[in-house]
Amino acid sequence: MNRGRFIAFEGAEGVGKTTQIRLLASSLEEAGVPSVVTREPGGTSIGEGIRDLVLRSAGPVPPETELLLILAARAAFVREVVAPSLAAGKWVLSDRFDLSTFAYQGHGRGIDLGRIERLNAYAAGGVAPDLYVVLDLAADEGMARQMRAGKSPDRFESEGAAFHRAVRTGYLELAESLDRAVLVPADGSPEAVGERIRREIVARFPETLRGGAV
Ligand code: TMP
């Protein structure tokens, strides 16, 4: 049995990750490739509890607490969801993974990137994506999409424009510096963005997708 692939969808608020994951999952299904759709923080029972704390806590949350909670959720996520699914030959499509930590807690909150790298290595235990799909939109456009969606904003969505610009700049730098990352413009229709992602997947994993079955 082939080992599955771990694809992390990344990007700032409102770039359309969730829709794109759904589109890829259904293309994979049509191609007969089993996949698991999941998210971070979350994906496990304890992780969803931590997500609630991190996103909705009413009182102050120091950046150090935020980082350690997210990494605590990640430790369960890689061991309970990612590693077993890959071993069972499934593709794991995750709505966010560790680039979010570098972008939000590093570039956004200002925690030293080297420190994040060391702590993240412990939490992730060597599990790393085969590909990061980094969706990119102008930060203001992403936030405007979020506002139109009409949900009550969480702790990150409530941050100001400077925070969101720092997160976006962080993602652009991260995408540039990593071979396993592809930067995908997220403007246009969901189908147009989906086509850009599909092309990248076919180019990178032709063996699994049998020359473009996806
Ligand atoms: P979302 O994926 O539904 O937008 O919400 C998750 C939020 O959690 C998002 O605002 C980014 C934040 N987050 C971090 O700050 N660091 C992380 O490592 C992860 C995975 C998410």
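Mentor: Start with the expected span of a helix, which is 1.5 Å times one less than its number of residues. Helices (H or I, at least four residues) and strands (E, at least two) are DSSP runs, numbered from the N terminus. This is a predicted model: local features need pLDDT of at least 70, side-chain atom pairs count only at pLDDT 80 or more, and totals for chains, interfaces and linings use all residues. Residues are numbered from 1 along each chain as its sequence is written, and side-chain values use heavy atoms, with hydrogens and water left out.

Trainee: How do you know what span is expected for α1?
Mentor: Helix α1 covers residues 17-30, which is 14 residues. At 1.5 Å a residue, 20 Å is expected. From first C-alpha to last, α1 reaches 20 Å, close to that value.

Trainee: What makes a residue of α1 buried?
Mentor: The relative accessible area decides: buried is under 20%, exposed is over 50%, and partly exposed is in between (1.4 Å probe, protein chains only). In α1, the buried residues are Lys17, Gln20, Ile21, Leu24, Ala25, Ser27 and Leu28.

Trainee: Why do we say that the buried residues of α1 line one face?
Mentor: Look down the axis of α1: the buried residues fall within an arc of 165 degrees, so they line one face of the helix. The arc is that of the directions from the helix axis to the C-beta atoms. An α-helix has 3.6 residues a turn, so residues three or four places apart point the same way. On the other side of α1, Arg22, Glu29 and Glu30 are exposed.

Trainee: What covers the buried residues of α1?
Mentor: The cover includes strands β1 (6-10), β2 (35-39), β3 (91-95) and β4 (131-136), along with helix α8 (190-204).

Trainee: Why is Pro41 called buried?
Mentor: Its relative accessible area is 13%, so Pro41 counts as buried. Pro41 sits in the loop between β2 and α2. Contact means heavy atoms within 4.5 Å. Leaving out residues up to four places away in sequence, Pro41 touches Gly47, Glu48, Arg51 and Ala73.

Trainee: What makes a set of residues a nonpolar core?
Mentor: The members are buried Ala, Val, Leu, Ile, Met, Phe, Trp, Tyr and Cys residues, joined through side-chain atoms within 4.5 Å. The largest nonpolar core here has 35 residues. Among those with the most contacts inside it are Phe6, Val82 and Val167. Helix α3 gives the largest share of this core, 9 residues. A second, separate core of 22 residues includes Ala25, Leu93, Val133 and Ile201.

Trainee: What makes a space a cavity, and what makes it a pocket?
Mentor: A cavity is a set of points where a 1.4 Å probe fits but cannot get out. A pocket is an open set with protein on both sides within 12 Å along at least five of seven lines. Lining residues have an atom within 4 Å of a point.

Trainee: How many cavities of 30 Å³ or more are there by this rule?
Mentor: The count comes to 2 cavities. The largest cavity holds about 50 Å³ of space. Its lining is Gln20, Leu23, Leu24, Ser27, Gly194, Ile197 and Arg198. Helix α1 supplies the largest share of that lining, 4 residues.

Trainee: What volume does the largest pocket have?
Mentor: About 850 Å³. A volume is the space filled by probe spheres set on the points, and grid points are joined across faces, edges and corners. The largest pocket is lined by 39 residues, and Lys17, Thr18, Arg51, Asp95 and Arg96 lie nearest its centre. The largest share of the lining, 6 residues, comes from α1.

Definitions and conventions. 1 Å grid on protein atoms, 1.4 Å probe; cavity = no way out; pocket = protein on both sides within 12 Å on 5 of 7 lines; lining within 4 Å.
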